[in-house]
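Please consult the sequence and the model as shown.

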Amino acid sequence: MQIFHIEENDANQRLDKFIKKLLPNAPLGGIYKMLRTGKVKIEGKKRENTYKLQVGEEVKIWLSDEEITTLQRMQDEEIIPKWNIGTLQKEDILYEDDALLILNKSPGINVHPWDHKTDEISLIDQGRDYFWKKYNSLTFRPSLVHRIDRDTSGVIIIAKTKRSLDSMLSQLQSGGFKKIYHTIVLGRPSHQSWTIKKPLLRIEDAHNEAKVRVDKAWLEAITHYSILEIYPHIWDKSASLLECQIETGRTHQIRVHMKSIDCPVLWDEAYGDKKINSFLKRECLLKRQMLHAYSVSFLHPETKKNLTIQAPYKDDMSGVIQYFRKERV
């Protein structure tokens, strides 16, 4: 028998869901049988599958240590710090308190380990290494609130507690979470400020990175943009620095919307202008799309105060802007 004590990050979830997270290798049928036959008890009592766990309760599971080890994931191995692979840089920490860690993500890093087939450490791995075991519980580990592409830089939020994660996800779903991006595009949009409303379709069996296209019969996607700077003497089409606010969070939304108005994001290998991208690679040593998650605004999950966090441009994007400004003079 083993005893597990319920803390805040494990509370307010159904008993069957808790057991499945605690013993992920256990089949659901086996979990229901354990609950039905009394091999799992809360404060010495059998409970229904739907029972909601409370802080301070004691969960007893009548299985041998060997059985529990077999049914659990290898948690200790999963959270061993990868100090020799990569860690968070102090200059990339934009904000931190007991509820949230907000980072200025560098380009070339996956936010999740399964986003691409690679052995590289992901951003969430770096975050968990940074926390070590401080914020882990029986069934919860610090988690990403939202995502950005591998080669997009800028603001990304990690929730340290389940309560803060639930609050932030609720704001995302209700539209209370405001995301602003800055991007450098080829050409000049026809309007100083405009709203692009073009539905997007994700192509699940795409064989390359261009896996999203405009499709009038698919999911709504809304991007508001305004022009911040124009660089009129860059090639024959010029270039523009834009600020974009997205109401929807579709995959590659800004990149595909910009392409749809003939102003593709610079050095976007999937949706951009190959000729100009080749020039930029040689001239500016540019290696990734010029898209940066500039700021987020939301209601703090604990203080309930409005919070806006801005992320400065990474060196490569700052360098391109300085290069264009000099060319414009």
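The model is predicted: local features need pLDDT of at least 70, side-chain atom pairs count only at pLDDT 80 or more, and totals for chains, interfaces and linings use all residues. Residues are numbered from 1 along each chain as its sequence is written, and side-chain values use heavy atoms, without hydrogens and water.

**Helix H5**

Helix H5 spans residues 123-131 and is largely enclosed by the rest of the structure, because 7 of its 9 residues are buried (under 20% relative accessible area, 1.4 Å probe, protein chains only). Among them are Leu-123, Ile-124 and Phe-131. The buried residues of H5 pack against strands E4, E5, E6 and E7. Helices (H or I, at least four residues) and strands (E, at least two) are DSSP runs, numbered from the N terminus. Just after H5, Trp-132 has a positive phi of about 55°.

**Strands E4 and E5**

A hairpin through 3 residues joins E4 to E5. These strands pair in the antiparallel sense over 3 bridges, where pairing requires at least two DSSP bridges. Glu-96 stands opposite Leu-101 in E5.

**Largest pocket**

The lining of the largest pocket comprises 40 residues, and Arg-147, Ile-148, Asp-149, Thr-251 and His-252 lie nearest its centre. Lining residues have an atom within 4 Å of a point of the pocket, an open set on a 1 Å grid over the protein atoms alone, with protein on both sides within 12 Å along at least five of seven lines.

| Class in the lining | Count |
|---|---|
| Nonpolar | 10 residues |
| Polar | 13 residues |

How values were computed. Buried means under 20% relative accessible area, exposed over 50%, partly exposed in between (1.4 Å probe, protein chains only). Contact means heavy atoms within 4.5 Å. On a 1 Å grid over the protein atoms alone, a cavity is a set of points where a 1.4 Å probe fits but cannot get out, and a pocket is an open set with protein on both sides within 12 Å along at least five of seven lines; lining residues have an atom within 4 Å of a point. Ala, Val, Leu, Ile, Met, Phe, Trp, Tyr, Cys and Pro count as nonpolar, Asp, Glu, Lys and Arg as charged, and the others, Gly among them, as polar.
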